[in-house]
Structures are given as structure tokens and as C-alpha cells.
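Please look over the structure shown below.

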Amino acid sequence: MVLVHHLDGQKRILEKSANTEDVNCSVDATGNHWTCSSALGNSDIVCSLDSSGQSVSCEDRRYCPYSEETDRISLTVYIRSNYMLEEYSRHFYLSEIVKPDQVFITKVNNSTIEWRHPVSWNRPSSYFPLTFQVKVITARQRRRGCMCDSPCAGSKVYMTESSQWSVKGRMTVCIKAQDALCDSLWSDWKEYSLKEVSLIP
């Protein structure tokens, strides 16, 4: 169950339409994926439950990334097992939980690796900046089992606002991104192994 709470108590959540029901639901031909939607005062939120019943996906079709968030989202989940009912709640702004996709490697040569913001990230990048972590793994560290998402002896993680990094020799470069304006989630690591035979011009 997804609950939307407005601070304005006089505001009607559902906008009644003469031609539609308050809540409209549909299911695909397989019967596994269903959605329910309603016309809300300032938004048009559509939520769907996955086939396992363990997660809910929601989309605000009128969401504007340039507007300031004024209210936290209140998410309440009720779980029932026989005669037992449990309630779990979480409150958050979207900016607190946003997770960028992996960065996109655009250029690699003998001295530099360059990347750009994920395609799914809002534009322009000057208005929606990202900060990056860069981890460099040498060939020797790699042979010892050093990975992007594991701590490695002698390997450092660097913070940068730039979209390029100087490289030298055979090494593995790991890059992940985070919203530069919020302490939100980091993206998954993007890994690239530099070899003479795999350079991007």
C-alpha cells in the first residue's frame, strides 16, 4: 500500500471525473503485471506490484525534476499472516534515494579515460551535477583478487567532479557516481580494463 499525505487538509486527493472511476486498474495478458492509477490533485501517480508481491514500483507522470520537493513521501507497508498484521513505514524525499545508473565510458587512450553522465540522468549536467569516485586497480592487485566493490590493500578511492582521469599502463579503472547536491545512493561501479587492444578512440 502506498499512501500519499498532503499537508493541506482541505485538499481533495482524488479528482472525480464524470467519465472515469476514482481508481482505474488494468492487468496485462499474462495476469502477472497489474497497475492501478488515479487522478491526483497535483500529480498522476501510477503504482504496480511485481509478480512476487515483494516490491511496488511507482511513477509520477507529472513529476518535474526542476521543481523543489516540498513534502516527503510517506510509504507504509502492511503485512498480514493469518491473524497477525504488521505495519512498516518509511519517509523520504526522492532526492534522498535517487540512484544514478552507471556512467558511460566515452574515450580511452594511452593517457586518459573519459566518461559522461548516464543517459537516464536529468539534463543539463550543469543543473544536475554528479560527483564521482574513481578506484584504480593495478594488474598485480587484480591478480591478487582485488575488485571494484571490495577493499584492496594499496588501492585508493579518489573523489572528483571531473569526467576524466589520467591513466598509465595496464590497469583496471572503476567509476561510480552520486548526486553532487544530495547525500543519496551511489551508482554501481563501472569497470574498465585498460589494455592496448581495447582502446576507445
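Is Asp-188 buried, partly exposed or exposed? Asp-188 counts as partly exposed, because its relative accessibility is 45% (buried means under 20% relative accessible area, exposed over 50%, partly exposed in between, with a 1.4 Å probe and protein chains only).

This is a predicted model, in which local features need pLDDT of at least 70 and side-chain atom pairs count only at pLDDT 80 or more, while totals for chains, interfaces and linings use all residues. Residues are numbered from 1 along each chain as its sequence is written, and side-chain values use heavy atoms, leaving out hydrogens and water.

**Salt bridges**

- The whole structure holds 3 salt bridges (a side-chain nitrogen of Lys or Arg within 4 Å of a carboxyl oxygen of Asp or Glu).
- Asp-188 pairs with Lys-99, and their closest N and O atoms are 3.1 Å apart. This pair links distant parts of the chain, 89 residues apart: Lys-99 is in the loop between H1 and E7, and Asp-188 is in the loop between strand E12 (171-179) and strand E13 (190-194) (helices, H or I, have at least four residues and strands, E, at least two; both are DSSP runs numbered from the N terminus).
- Glu-96 and Arg-72 meet at 3.0 Å, N to O. Glu-96 belongs to helix H1 (residues 94-97), whereas Arg-72 is in the loop between strand E4 (56-60) and strand E5 (73-81), 24 residues apart.
- Arg-142 and Glu-191 meet at 2.6 Å, N to O. Arg-142 lies in helix H2 (residues 139-143) and Glu-191 in strand E13, so the pair ties together parts that are 49 residues apart in sequence.

**Sheet**

- An open sheet is formed by 3 strands in the order E7-E8-E11, with antiparallel pairing (two strands pair if DSSP finds at least two bridges between them).
- Its edge strands, E7 (104-108) and E11 (164-166), each pair on one side only.
- Strand E8 (residues 112-116) is joined to E11 by 3 bridges, and Glu-114 stands opposite Gln-164 in E11.

**Aromatic pairs**

- The count of aromatic pairs is 3 (ring centres of Phe, Tyr and Trp, the last by its six-membered ring, lie within 6.5 Å; planes under 30 degrees apart count as stacked, over 60 as edge-to-face and the rest as tilted).
- One of them is the edge-to-face pair of Trp-115 and Phe-132, with 5.5 Å centre to centre and 75 degrees between the planes. Both Trp-115 and Phe-132 are buried.
- Another, Tyr-158 with Trp-165, is tilted, at 5.3 Å centre to centre and 40 degrees between the planes.
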